[in-house]
Amino acid sequence: MSDQDNAVLHGVAVKTIRRWRRLYQRRGLPRGQAHLGAPCPRCDTAPLDEGAYAELFGWYLGDGHISLGRRGVYNLHIYNDVQYTEDNDHIKELMRRVKPMGRPHTRLVPGCVVTTVSWKHWPCLFPQHGPGRKHERRLGMADWQREVVAAHPGDFLRGLFHSDGARVRNWTTRMVAGEQKRYDYPRWQFVNMSPEILEWCCQALDLVEVAWRRSNHKTISVSRRDAVARLDALIGAKR
Ligand SMILES: [Zn+2]
């Protein structure tokens, strides 16, 4: 953070922050990067908040990406539409729950908020990380990830549908007693180019007993009235 922000945070003058930093560096003390070394649920058997993980996994598969930063530290980025401010706050919260001591930050790109948090262990938690785009390579799901998703399918679906899904209003007309009547009905759609991600979405929908169908090679639709209501209750609206 900037010296100015640091000064405000600690209630001291900026020049005091600068003096402290110079003293610190002169003594050759380690930089304050301890948060990057938070223990890993995979390497170090640190506890994992599975509900938060299942949802963050959905977000990652939908619109996430991992990049390698400096000193072997990876950055997890989640992209989401700027209009969904509550979801964007929620993504930060999920990151803090999955990586205790994590300090997610956001930046704006046209139309989108990118929420990012750094950790050496993101590839341990998301072994799907690799070169190239997700739909152009085999992702595979680790056994431990399957168990987490099976235990928290609603959370997983919230991440998937709030990133790559939409709740849309459809309408149709029907003849009733000789009169053309219009009926509106909502439906959820999940659109993704990866056959594996589509399959995982369907499996999770099966687990929570929400009826679905494949509309085309990249789209899953949930349109039966009871199924839409059930999914609404599980994942809530995008907001
Ligand atoms: Zn690890």
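A: A salt bridge is taken here as a side-chain nitrogen of Lys or Arg within 4 Å of a carboxyl oxygen of Asp or Glu. This is a predicted model, in which local features need pLDDT of at least 70 and side-chain atom pairs count only at pLDDT 80 or more, while totals for chains, interfaces and linings use all residues. Residues are numbered from 1 along each chain as its sequence is written, and side-chain values use heavy atoms, with hydrogens and water left out.

Q: How many salt bridges does a search of the whole structure find?
A: The search finds 11 salt bridges. In one of them the side chains of D3 and R21 meet at 2.5 Å, N to O. D3 belongs to helix α1 (residues 3–10) and R21 to helix α2 (residues 14–26), so this pair ties together parts that are 18 residues apart in sequence; helices (H or I, at least four residues) and strands (E, at least two) are DSSP runs, numbered from the N terminus. A network of salt bridges links D3, R18 and R21.

Q: Which residues does the salt bridge of R138 join, and what parts does the pair tie together?
A: The side chain of R138 meets that of E196 at 3.1 Å, N to O. Because R138 lies in the loop between α5 (122–125) and α6 (143–151) and E196 in helix α8 (residues 195–207), the pair ties together parts that are 58 residues apart in sequence.

Q: Are R138 and E196 buried or exposed?
A: Buried means under 20% relative accessible area, exposed over 50%, and partly exposed in between, with a 1.4 Å probe and protein chains only. R138 is exposed, at 68%, whereas E196 is buried, at 12%.

Q: Which strands pair with β4?
A: Two strands pair if DSSP finds at least two bridges between them. Strand β2 (residues 74–81) runs antiparallel to β4 and is joined to it by eight bridges, with L76 opposite V117 in β4. Strand β3 (residues 105–109) also pairs with β4 in the antiparallel sense, over five bridges, and here V109 stands opposite C112. The hairpin of β3 and β4 has two residues between the strands, and G111 in this hairpin takes a positive phi near 80°.

Q: Why is strand β4 described as largely enclosed?
A: Seven of the eight residues of β4 (residues 112–119) are buried, so the strand is largely enclosed by the rest of the structure.
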